[in-house]
Amino acid sequence: KTFAGIAKRTAMHYTAGWDHGFNHSIPYWEIWNEPNHKASWDFDSVEAYYRLYRACADSIKSFDPHLKVGGPAAAKNAFYNGGNQYTLNQNYLSNFLKYCKENETPLDFYSFHMYDRPNPYNLRMLADTLSYYLNLYGFANTELILSENNNNTGGYTNTSKGCSYLTSELISLVNSRLSKFIWYRGVDLSPLCDADDGTHPNLTLNGYAYKFFNELNDSTPILIKSAGNEFNARNLSDSLNNVMILSGKNTSDTEVKVLVSNHESVYSDLSITLNNLPWHSSDHVAIFTETVNASGFQTKTTSTAGGSSITYHVPDIRDASVFLISFKKLTTTSTTSPLQTVSGKIYPNPAHDIVTVQSNFDHYDLTVMNAFGQVFLQQADLKEIDLRAFPNGLYHLCLRNDVGLVENYRLVVQK
């Protein structure tokens with residue numbers, strides 16, 4: 001009870017200004033850290049953690065029921081004790097979920113940690129397994145969060161192998177239940193950037209995995225069907241023969257990005273073909289390639305004629321490597337100015353029932369699409385969107401006015 005009271009007042013201090021505190025927006029509150037690790041939980045009873053979790057969750061919710069509470073932030077040995085397959089410790093999975101269900105204890109998110117698995121696809125397999133158990137015990141709406149992840153077994157620090165490992169993990173998790181992917185830590189243990197000394201930290205090669213993934217999501221958020229993924233779903237220790245591909249387009253069909261992670265595959269080159277493009281032979285297409293390989297980070301710019309199909313060749317990929325390839329249509333026959341983007345805002349975000357649109361346009365056509373380009377709503381000048389019929393997930397809002405200006409937003413629906 002003492003610790004639960006401390007947890008509640010900590011939340012009050014940082015989110016509601018209690019005791020000369022702050023008014024930060026901190027929606028997630030993870031209760032304890034690695035209770036299955038002796039260094040973090042020096043008790044001989046796992047039930048003691050269950051009771052602590054329940055007391056803290058109820059205490060924090062009594063202050064603000066909208067704050068999200070979760071756990072158990074279990075260490076890697078809750079799911080894996082060596083070898084080629086998972087070994088699930090049910091004390092931190094089914095038994096924990098059963099306790100929360102029977103005691104009506106809130107579990108807004110289930111968190112876990114993962115380290116040192118050579119096969120980058122194993123994270124997707126574990127995420128799907130945990131999702132199965134959450135559904136089995138009635139937690140269909142509970143978020144799944146990877147609150148610590150790293151591979152520090154050697155050869156992954158500031159290398160193309162580290163970048164391809166992390167990129168393959170990120171791509172494999174697209175359309176999974178996992179809502180947050182947190183690399184621990186940013187400046188050591190296979191860092192994403194060098195130390196922030198108050199100036200501008202530089203990305204390590206590993207950090208380009210996040211950069212490339214976010215560039216694709218920001219600029220070309222509508223996912224396109226991709227073929228050619230190869231991975232090992234049987235052996236957690238096998239890192240070979242992993243090739244992962246993710247592609248997307250923008251809302252105006254003028255740009256396509258393709259992200260390719262070649263993590264120790266058997267191939268020596270790549271051939272990328274884009275089909276069913278809404279482009280014409282009179283269009284000029286600029287191709288910009290960002291690469292991380294054994295030689296470091298490089299860029300290359302080239303061009304080609306447009307058309308409904310474009311093939312692009314990437315030679316010499318025998319080392320672990322990652323490629324972000326951008327295809328951008330530059331119409332030479334059009335006399336109109338290029339599409340311009342301006343910004344308003346939408347709020348709240350994430351949202352669960354109503355989201356408000358605050359646009360800089362007096363009049364506009366609004367389109368709401370999911371990550372696959374499926375249109376959920378089209379309406380002019382809509383100021384509030386009723387989300388109650390929208391499934392949880394990521395959506396893209398495009399507002400276009402009568403002179404061709406657009407506003408683009410990403411919206412997370414989370415109920």
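**Asn36 and its surroundings, up close and in context**

**View 1. Asn36 meets Asn77.** A polar contact of 2.6 Å links the side chains of Asn36 and Asn77. Keep in mind that this is a predicted model.

**View 2. Where Asn36 sits.** Look for Asn36 in the loop that runs between strand 1 (28-30) and helix 2 (46-63). Is Asn36 buried or exposed? Its relative accessibility is 15%, and the cut-off for buried is under 20%, so Asn36 counts as buried.

View 3. Which residues touch Asn36, once its neighbours within four places in sequence are set aside? They are Ala74, Ala75, Asn77, Ala78 and Tyr92. Asn77 is also the partner in that 2.6 Å side-chain polar contact.

**View 4. Stepping back to the whole chain.** The protein chain is built with 6 helices and 20 strands. Its radius of gyration is 23 Å, close to the 22 Å that the globule rule gives for 415 residues, so the chain is as compact as a globular protein of that length. Along the principal axes, its C-alpha atoms fill a box of roughly 70 × 55 × 45 Å. Take the contacts between residues at least 6 apart in sequence: 68% of them join residues at least 24 apart.

View 5. Of the 415 residues in the protein chain, 47% are buried. The chain's accessible surface is about 20300 Å², and carbon and sulfur atoms account for 50% of that. As for charge, there are 32 positive and 40 negative side chains, with the centres of the two sets 4 Å apart.

Note on methods:
Residues are numbered from 1 along each chain as its sequence is written. This is a predicted model: local features need pLDDT of at least 70, side-chain atom pairs count only at pLDDT 80 or more; totals for chains, interfaces and linings use all residues. Side-chain values use heavy atoms; hydrogens and water are left out. Helices (H or I, at least four residues) and strands (E, at least two) are DSSP runs, numbered from the N terminus. The radius of gyration is taken over C-alpha atoms; the globule rule is 2.2 Å times the number of residues to the power 0.38. Buried means under 20% relative accessible area, exposed over 50%, partly exposed in between (1.4 Å probe, protein chains only). Contact means heavy atoms within 4.5 Å. Accessible areas come from the Shrake-Rupley method with a 1.4 Å probe; for residues, only the protein chains shown count as cover. Lys and Arg count as positive and Asp and Glu as negative; His and the chain ends are not counted. The place of a charge is taken as NZ of Lys, CZ of Arg, CG of Asp or CD of Glu. A polar contact is a pair of N or O atoms within 3.5 Å; within protein, one must be able to donate a hydrogen and the other to accept it, and residues adjacent in sequence count only if both atoms are side-chain atoms.
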